[in-house]
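Good morning, and thank you for the time.

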Amino acid sequence: MDIKGKHLLMDAFECDEVILNDPSLLRRILVEAALDAEMEVLHCYFHQFTPQGITGILVLATSHLSIHTWPEENYASLDFYTCGDKEIIEIGYALLKQLASKKAVVYSISRGIQHAETPTKNRQHAESTRLLNRGDDSDHVSLQQILSGQHDILFHQKNRIQDIQLIKASDIRMYLDEQLQFSSLDEHAYHEALVHPIFAASLNPRRILILGGGDGLALREVLKYKEVKEIELVEIDADVVNAAMNVEELKKLNQRSFEDSRVTVHIQDAVDYLSLNSACYDIIIIDFPDPTNKKISTLYTKEFYALLQRSLSHSGLVVCQSNSPRDTPIVFWSINKTMKASQFYTLSYHTIIPSFGDWGFHIGSKTPLAPILSTDVSSTTLPSDFTKLMRFSPHSLSKKQFAVVNTAEHLVLHKIFKKEGLYL
């Protein structure tokens, strides 16, 4: 038995409400998409509700294509399932453009079973789901372009956590599950912004904790401070640290940061480490992935920030990368509000990182924070006056009122991220 299927589930936001309420136009759009996918259309049915909204379905020889619209919400959901070798992801994107969708969440799912010789009682059904957004899709395309051209694979390891690819082409890039983590062309902009403002605000940065950051690049910036006596780095994926410690090109990029005697590495889940550790730190640097799913969203909760409170010295500070105040402003301000709900005073700032756009950070403290002015440590990307980083656009500030507190019982940050930040 060998069944191969491609399944797209698409949430289309900010669509044209006129298009969403026109059954004849929607029928034409969907039929054209099916024909572009080389599918045979067996039957079409579209029903228009009063006062608005449409449900439509195309029965295909290979499965189906359906749409449900809510014109009053400028929203539509689509379900496109086919069998065969024809790639349909680009057709899905074309569908969304036909709806004039400005934002979308697209789930691409491989369907089917390829275990013909395996007894039924032992058969395992394999399913892989990839969440695509503007950034992720661009990352996927750029990765494929790099792989199709002249390049060197410096490191590639797929483990139970993620698929790690370190590639050298015109620059050096690390991809985790095909999502860009850094480019050597501009990673300094991110890591300098992550590290130097919090050090400028710190009174006595002697003991440092880094959560994430297994590539050693944030660690490189921390090691510029001679007053630092001890650094603990907690990374869940041993293979990322292995690459950072052993691949010459990455060692050169992180300036052999793991070889410094002040550094201790813990291959451990951050929550487990904080729960079991009784030490206090002067600075905690959080370099976690974006809250794209439920699991990662738990790392941005009131409960997690309470663990950080317990792990900070009285004058200690924490900094958290917090997504884009321009593209995902509600996510950005929700992280801020959640930190405040955990009894942190906060200071927010942002900078431009070419690979990712406008990117934001929050510093948390047990006591009120004064504006950060500058740092004595040299950097290549930060302004001499740090107060410039703390000015936000009216658009970003207007979204602050919609911020929510993300808690273990009310885990919503990943949902907001999907609705707000996943662009085509």
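Let me begin with a term: a salt bridge is a side-chain nitrogen of Lys or Arg within 4 Å of a carboxyl oxygen of Asp or Glu. By that criterion, the structure holds twelve salt bridges. Please note that this is a predicted model, in which local features need pLDDT of at least 70 and side-chain atom pairs count only at pLDDT 80 or more, while totals for chains, interfaces and linings use all residues. Residues are numbered from 1 along each chain as its sequence is written, and side-chain values use heavy atoms, with hydrogens and water left out.

Which residue pairs with Glu 230 in a salt bridge? The partner is Arg 207, and the closest N and O atoms are 3.2 Å apart. Glu 230 lies in strand S13 (residues 230–235) and Arg 207 in strand S12 (residues 207–212), so this pair ties together parts that are 23 residues apart in sequence. Helices (H or I, at least four residues) and strands (E, at least two) are DSSP runs, numbered from the N terminus. For accessibility, buried means under 20% relative accessible area, exposed means over 50%, and partly exposed is in between, with a 1.4 Å probe and protein chains only. Glu 230, at 28%, is partly exposed, and Arg 207, at 26%, is partly exposed as well.

Arg 256 takes part in two of these pairings. Its side chain meets that of Glu 248 in a salt bridge of 3.2 Å, N to O, and Arg 256 also forms a salt bridge with Glu 259, where the closest N and O atoms are 3.1 Å apart. Arg 256 is partly exposed at 38%, as is Glu 248 at 44%, whereas Glu 259 counts as exposed at 52%. Elsewhere, Glu 187, Arg 220, Glu 221 and Lys 224 are linked in a network of salt bridges.

I turn now to the chain as a whole. The protein chain has 14 helices and 18 strands. Its radius of gyration, taken over C-alpha atoms, is 24 Å. Along its principal axes, the C-alpha trace spans about 75 × 50 × 45 Å. Of the 424 residues, 52% count as buried.

What of the interior? A nonpolar core is a set of buried Ala, Val, Leu, Ile, Met, Phe, Trp, Tyr and Cys residues joined through side-chain atoms within 4.5 Å. The largest has 51 residues, and those touching the most other members are Leu 166, Phe 199, Ile 208, Val 222, Ile 231, Leu 250 and Ile 285. Helix H5 (residues 187–201) gives the most to this core, with seven residues. Apart from it lies another core, of 32 residues, including Met 10 and Leu 78.

Finally, the surface. Leu 42, Tyr 45, Ile 57 and Val 59 make a nonpolar patch of about 350 Å². Patches are made of residues with over 30% relative accessible area and no salt bridge, with like charges joined within 9 Å and nonpolar side chains (Val, Leu, Ile, Met, Phe, Trp, Tyr) within 5 Å. Accessible areas come from the Shrake-Rupley method with a 1.4 Å probe, and for residues only the protein chains shown count as cover. Strand S2 (41–48) and strand S3 (54–60) each supply at least two residues of the patch. Val 59 is found in strand S3 and is partly exposed, at 34%.

How values were computed: Rg over C-alpha atoms; globule rule 2.2 N^0.38 Å.
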